[in-house]
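Work through the exercises below with the structure open. Each task is followed by a stepwise solution.

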2 protein chains.
Amino acid sequence: MTQPDTKTAILDAAQDLIQRVGANAMSYQHISEVVGIRKASIHHHFPSKETLLKELIDRYSRQFLGLVDDIIASDVGPATKLRRYASLFEATLSEGRQNKACLCGMLSAEVEALGRGAAAGLRRFYRENERRLTLILEEGQRRREFRFEGEPRTIAALIFQLLEGSMLIARADGGVKRFRAVTEQMMKLLR
Amino acid sequence: MTQPDTKTAILDAAQDLIQRVGANAMSYQHISEVVGIRKASIHHHFPSKETLLKELIDRYSRQFLGLVDDIIASDVGPATKLRRYASLFEATLSEGRQNKACLCGMLSAEVEALGRGAAAGLRRFYRENERRLTLILEEGQRRREFRFEGEPRTIAALIFQLLEGSMLIARADGGVKRFRAVTEQMMKLLR
DNA sequence: TTATCACTGCCTACTAGTAGGTAGGTTGCA
DNA sequence: TGCAACCTACCTACTAGTAGGCAGTGATAA
């Protein structure tokens, strides 16, 4: 079989770059410097930037939604689940060399300059997140931990978009501290 | 004095491009094609991309905050003011060839690949928006149009980040309709 | 009235560097 | 022997930015 190490290393480097500077500022040259491999060799694994992006979005979605599923399956109340969900975003923000945004949040901004495959992958990511958030909110409503006016589905969309927006803006101003203050405020509005 | 027409046309073209595809996918070549002027002539007006970005952020901030000030000065209730504030973002989204995001929201994503001047300009934009939003929220609280737990300042940050995030994501999925549903939901949570 | 001057706006032609991508060869392992 | 992984060397297209020229304008002065 294939040695997955190099392929994984390429994906890791690409993801890190995109989360910090964006997909358009990320290049095969940059990746090659990080991985320690020639630019042409990256093309061996990912023939085009579009195929790389597609696989990256798939992998990121799988990993992230896996963590969300763990939270949902855990034996804690819905309010705690929602807090932990938000902390997934916060963890990304304070990860590594810091100021990393959600991969899909970054790509959302640049979506018009990306291929159609990327856009479809992003949509799937949004919807899967909102579906899971809706479950948490419905559970909270049933258990009377959350009290809000409106549809859980719409609140789910609101929360997801808030977290994505907060991340992007926190990178330019306020950092993790600002992010945390806003998510805590969001929790208050649901009570 | 200088003829401002060409300079304005360059700024307009650059802004449109950034709002659609991002600052990194925007180039002097693209601008020159839109404006109908040679690439070198753009350098005559804006020596570097950084100076262009700086002036663009300044102009956008001035224009946008001017519209916000008009809303604040208008003789309507705070809930209406907040709705009109949100509709400024919505208008951008459905403007021109559509799917345009807030200039500063786009630049927030790419901030790490931009100069320091840009980052400072973005921070100013955030803070001025949040300051104005805080005024609206405080007025709403006094008049008992809004009922919420927490500091108006933090809610202001939340609303601003929500609107920026919503815009970016609505471009990839759901469009204006989705954006409107979420802002309407936000209004419900403040009551 | 006309010659000179500086200046603005725009041009052509160029630079060095970087982008994504390709052709074809080498190495080492099953 | 065949194939995967990686390489060197290259391509074309595009990037931001520069040098230098030229036409039009408006002020100055003989």
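**Exercise 1.** Is Arg123(B) buried, partly exposed or exposed, and why?

*Solution.* The model is predicted.
Step 1: count the other C-beta atoms within 10 Å of Arg123(B); there are 17.
Step 2: apply the cut-offs. Buried needs 20 or more, and exposed needs 12 or fewer.
Step 3: Arg123(B) is therefore partly exposed, because its count of 17 falls in between.

**Exercise 2.** Describe α7(B): its span, its buried residues, what covers them and what follows the helix.

*Solution.* 
Step 1: the helix has 27 residues. From first C-alpha to last it reaches 39 Å, close to the 39 Å expected at 1.5 Å a residue.
Step 2: list the buried residues. Among them are Leu122(B), Phe125(B), Tyr126(B), Asn129(B), Glu130(B) and Leu133(B).
Step 3: look for the cover. From chain A it includes α8 (152–172). From chain B it includes α4 (49–73), α5 (78–93), α6 and α8.
Step 4: Arg144(B) follows α7(B) and has a positive phi, near 60 degrees.

**Exercise 3.** Characterise the side of chain B that touches chain A.

*Solution.* 
Step 1: count residues. 43 residues of chain B contact 43 residues of chain A.
Step 2: assign elements. On chain B, those giving two or more residues are α1 (4–21), α6 (103–109), α7 (116–142), α8 (152–172) and α9 (175–189).
Step 3: find the main contributor. α8(B) gives the most, with 13 residues.
Step 4: sort by class. This side of chain B has 22 nonpolar, 10 polar and 11 charged residues.

**Exercise 4.** How do α9(A) and α8(B) pack, and which residues make the contact?

*Solution.* 
Step 1: take the axes. Those of α9 (residues 175–189) of chain A and α8(B) come within 9 Å and cross at roughly 95 degrees.
Step 2: classify the angle. The range 65 to 115 degrees counts as roughly perpendicular, so α9(A) is roughly perpendicular to α8(B).
Step 3: name the residues. α9(A) supplies Arg178(A), Ala181(A), Val182(A), Gln185(A) and Met186(A). α8(B) supplies Thr154(B), Ile155(B), Ala157(B), Leu158(B) and Gln161(B).
Step 4: sort by class. This contact has six nonpolar, three polar and one charged residues.

Terms used:
Residues are numbered from 1 along each chain as its sequence is written. Chains are lettered from A and ligands numbered from 1 in the order in which they are written. This is a predicted model: local features need pLDDT of at least 70, side-chain atom pairs count only at pLDDT 80 or more; totals for chains, interfaces and linings use all residues. Two residues are in contact if their C-beta atoms, placed from the backbone, lie within 7 Å. Helices (H or I, at least four residues) and strands (E, at least two) are DSSP runs, numbered from the N terminus. Ala, Val, Leu, Ile, Met, Phe, Trp, Tyr, Cys and Pro count as nonpolar, Asp, Glu, Lys and Arg as charged, and the others, Gly among them, as polar. The expected span of a helix is 1.5 Å times one less than its number of residues. Axes are lines fitted to C-alpha atoms, for helices over the stretch in contact, and angles run from 0 to 180 degrees between N-to-C directions. Angles under 35 degrees count as roughly parallel, over 145 as roughly antiparallel, 65 to 115 as roughly perpendicular and the rest as oblique.
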